[in-house]
Amino acid sequence: MSTRTAIVRGMAVSIGSFLLFGVVTGLLPNSLYTRMVPRTPFDYTFLVLTSLSVGIYVGQQPTTNRPGDDRLAIGSTVVGFLAFSCPICNVFLLALFGSSMLMTYLDPYRPLLGVVSVLLFTGLLYYRSQRSCESCGCAAESGTT
């Protein structure tokens with residue numbers, strides 16, 4: 001796959017995930033979903049950062065993909081989604097824990113979940129970029145000899 005194709009594919013995934021996550025969490029106003037928890041700047045920040053990270057992950061396309069990479073990317077995406085989603089609007093979580101428990105224990109920690117998600121994705125993307133550069137033999141370009 002060419003670099004240009006990878007960039008276009010990553011941008012498409014990033015924009016698509018931004019729109020999908022934004023609509024289903026109510027951060028992008030729509031008639032399908034009404035958010036019950038006020039929107040905060042953190043919600044929008046983590047929506048953007050999670051969408052960008054997913055797009056970069058898809059566009060990166062290393063020469064060797066280790067099995068743990070996809071699981072870590074999925075886990076980071078889920079944690080990021082929990083960081084900007086409405087805690088009492090998530091039917092699955094609501095059924096498991098109840099609204100009072102979610103508002104008491106999950107809502108205050110949503111910014112921390114967002115930071116964890118971004119750090120996990122950043123570490124994964126950095127690790128993959130280093131590994132793919134080493135595996136393609138680009139030591140001169142990366143500044144190492």
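This is a predicted model: local features need pLDDT of at least 70, side-chain atom pairs count only at pLDDT 80 or more; totals for chains, interfaces and linings use all residues.
Is serine 76 buried or exposed? Serine 76 is buried, with a relative accessible area of 0%.

## The chain as a whole

Welcome to the overall picture. The secondary structure of the protein chain comes to seven helices and zero strands, and the pattern read along the sequence is α-α-α-α-α-α-α. The chain has 145 residues, of which 34% count as buried. Take the contacts between residues at least 6 apart in sequence: 72% of them join residues at least 24 apart.

Helix α1 covers residues 3-25. With 23 residues at 1.5 Å a residue, α1 should span 33 Å, and its end C-alpha atoms are 32 Å apart, which agrees. The buried residues of α1 are Ala6, Gly10, Ser14, Ser17, Phe21, Gly22 and Thr25. What covers them? Among the elements that do so are α2 and α3. Just after α1 comes glycine 26, which takes a positive phi of about 80 degrees.

Helix α2 covers residues 41-60, and its 20 residues should span 28 Å at 1.5 Å a residue; the end C-alpha atoms are 28 Å apart, in agreement with that. Buried residues in α2 include Asp43, Phe46, Leu47, Tyr57 and Val58. Just after α2, glutamine 61 has a positive phi of about 45 degrees.

Between these two helices runs a loop, and threonine 40 is in it. Threonine 40 has a relative accessibility of 25%, so it counts as partly exposed. Its C-alpha atom is separated by 9.2 Å from that of leucine 27, which is 13 residues away along the chain.

Two packed helices are described by the angle between their axes and the distance between the axes. The table sets out these values for two pairs.

| Helix pair | Axes come within | Crossing angle |
|---|---|---|
| α1 and α2 | 7 Å | roughly 150 degrees |
| α1 and α3 | 10 Å | roughly 40 degrees |

On the α1 side, the contact is made by Ala6, Arg9, Gly10, Val13, Ser14, Ser17, Phe18, Phe21 and Gly22. On the α2 side, the contributors are Leu47, Val48, Thr50, Ser51, Leu52, Val54, Gly55, Val58 and Gly59. By class, this contact has nine nonpolar, eight polar and one charged residues.

Now for the second pair. The axes of α1 and α3 cross at roughly 40 degrees, and that makes α1 oblique to α3. This crossing is right-handed. The contact joins Phe21, Val24 and Thr25 of α1 with Thr77, Phe81 and Phe84 of α3. These residues divide into four nonpolar, two polar and no charged.

## Around serine 76 and phenylalanine 121

Back to where we began: serine 76 has its place in helix α3. Which residues is serine 76 in contact with, leaving aside its neighbours within four places in sequence? They are Ser117, Leu120 and Phe121.

Phenylalanine 121 lies in helix α6, residues 110-136. At 2% relative accessibility, phenylalanine 121 counts as buried. Leaving aside neighbours within four places in sequence, phenylalanine 121 is in contact with Ser53, Val54, Tyr57, Ala73, Ser76 and Thr77. Among these, Ser53, Val54 and Tyr57 are buried residues of α2. The C-alpha atoms of phenylalanine 121 and glycine 75 are separated by 9.4 Å, although the two are 46 residues apart along the chain.

## A stop after α3

The last stop is asparagine 90, in the loop between α3 and α4. Asparagine 90 counts as buried, with 19% relative accessibility; the cut-off for buried is under 20%. Not counting residues up to four places away in sequence, asparagine 90 touches Phe81 and Leu82. The C-alpha atom of asparagine 90 is separated by 8.8 Å from that of threonine 25, 65 residues away along the chain. Threonine 25 is one of the buried residues of α1.

Note on methods. Residues are numbered from 1 along each chain as its sequence is written. Side-chain values use heavy atoms; hydrogens and water are left out. Axes are lines fitted to C-alpha atoms, for helices over the stretch in contact, and angles run from 0 to 180 degrees between N-to-C directions. Helices (H or I, at least four residues) and strands (E, at least two) are DSSP runs, numbered from the N terminus. Angles under 35 degrees count as roughly parallel, over 145 as roughly antiparallel, 65 to 115 as roughly perpendicular and the rest as oblique. A crossing is left-handed if the near helix is turned anticlockwise from the far one by less than a right angle, and right-handed if clockwise. Contact means heavy atoms within 4.5 Å. Ala, Val, Leu, Ile, Met, Phe, Trp, Tyr, Cys and Pro count as nonpolar, Asp, Glu, Lys and Arg as charged, and the others, Gly among them, as polar. The expected span of a helix is 1.5 Å times one less than its number of residues. Buried means under 20% relative accessible area, exposed over 50%, partly exposed in between (1.4 Å probe, protein chains only).
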